[in-house]
Amino acid sequence: MVVRCLAGMDFDSNVYLLTGEDPILVDAGTGMHHQDILKWLSCTAKKCKVRRMVLTHRHYDHTGGAPALAREIGAEVLMHPLDAPAVREGDPRQTLSYMFGVQSQPVEVTELREGQVLSTGESDYEVVHTPGHTSGGISLFDKVNKVLLPGDTVFVGGVGRWDLPSGNFEQLVGSVKKLLSLAPKEIYPGHGDFSQHGAAGILEEALKYLGES
Ligand SMILES: [Zn+2]
Ligand SMILES: [Zn+2]
């Protein structure tokens, strides 16, 4: 299995590791379970150094743990330019850290471009801009193996909220359609279950839920 999942504990997002000789961490949780993530990472990445951490979007349940984790493992933090400022500055309203009663910590962020390809040495993941849940939300897609990581755009049995700052219903619908057009097989969302065969059906369900099919 190329995508390894640490299921989100408490309010944490799922944390994924895309394996290979140059592995990529996807999302970091709130930081409440920093030690558990480090332990899981050392078992999962084995001797490979994790040099890159992709954040699917600005929300604290995905990014709160990033500053400490990036410092500890020496990883570069990567995300879309439209969500980067909120995380770079630790903006409590834009990251929603105020909902957790905490101040998010600022962190250095490198911006990703739509269409950029990140390779683990084993698989290639393309950056797909999928706004709607937030304006700078991204998904990662491996077109050879048809593996999709949609962040909070879509879940097994649901879709991401569009009523939070920078969220937009029409954009969310467009993003789900865009992901469906990629014809993914495996899907690893930001929360809850993942599916290794049913990605297309899950995206079709999401469109139905949004009243679009
Ligand atoms: Zn989330
Ligand atoms: Zn979110």
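Biologist: Where does H133 lie in the chain?

Modeller: In this predicted model, H133 sits in the loop between strand β8 (124-129) and strand β9. Strands here are DSSP runs of E, at least two residues, and helices are runs of H or I, at least four residues, with numbering from the N terminus. Residues are numbered from 1 along each chain as its sequence is written, and chains are lettered from A and ligands numbered from 1 in the order in which they are written. Local features need pLDDT of at least 70, side-chain atom pairs count only at pLDDT 80 or more, and totals for chains, interfaces and linings use all residues of the predicted model.

Biologist: Why does H133 count as buried?

Modeller: A residue is buried if 20 or more other C-beta atoms, placed from the backbone, lie within 10 Å of its own, exposed if 12 or fewer, and partly exposed in between. H133 has 29 C-beta neighbours inside 10 Å and therefore counts as buried.

Biologist: Which residues does H133 touch, leaving aside those up to four places away in sequence?

Modeller: H133 touches H57, D152, T153, G160, R161, W162, G167 and L172, where contact requires C-beta atoms, placed from the backbone, within 7 Å of each other. H133 and R161 are 28 residues apart in sequence, and their C-alpha atoms are 5.6 Å apart in space.

Biologist: Which residues of α5 are buried, and why are they placed on the same side?

Modeller: Q171, L172, S175, V176 and L179 are the buried residues of α5. They cover an arc of only 140 degrees around the axis, which puts them on the same side of α5; the arc is that of the directions from the helix axis to the C-beta atoms. E170 and S181, on the other side of α5, are exposed. The cover over the buried residues of α5 includes β9 (138-142), β10 (147-149), β11 (154-155), β12 (158-159) and α6 (199-209).

Biologist: What makes L179 a buried residue?

Modeller: L179, in helix α5, has 25 other C-beta atoms within 10 Å, and is therefore buried. Apart from residues up to four places away in sequence, L179 touches T130, S139, L148, P150, T153, V154, P184 and L203. The C-alpha atoms of L179 and T130 are separated by 8.2 Å, although these residues are 49 apart along the chain.

Biologist: Why are α5 and α6 called roughly antiparallel?

Modeller: Two packed helices are described by the angle between their axes and the distance between the axes. For α5 and α6 the angle is about 155 degrees and the axes are 10 Å apart. Axes are lines fitted to C-alpha atoms, for helices over the stretch in contact, and angles run from 0 to 180 degrees between N-to-C directions. Angles under 35 degrees count as roughly parallel, over 145 as roughly antiparallel, 65 to 115 as roughly perpendicular and the rest as oblique. α5 and α6 are therefore roughly antiparallel to each other.

Biologist: Which residues of α5 and α6 meet?

Modeller: From α5 come V176, K177, L179 and L180, which meet A200, L203, E204, A206 and L207 in α6.

Biologist: Which residues of α6 are buried, and how do you know that they line one face?

Modeller: The buried residues of α6 are A199, I202, L203 and A206. Seen down the axis, they fall within an arc of 95 degrees, so they line one face of α6. They pack against β10, β11, β12, α5 and β13 (186-187). The face of α6 turned away from the buried side carries the exposed residues G201 and K208.

Biologist: Why does V50 count as buried?

Modeller: V50 lies in the loop between α1 and β4 (52-54), and with 21 C-beta neighbours inside 10 Å it counts as buried. Among its contacts beyond four places in sequence are P23, L25 and I73.

Definitions and conventions
Contact = placed C-beta atoms within 7 Å.
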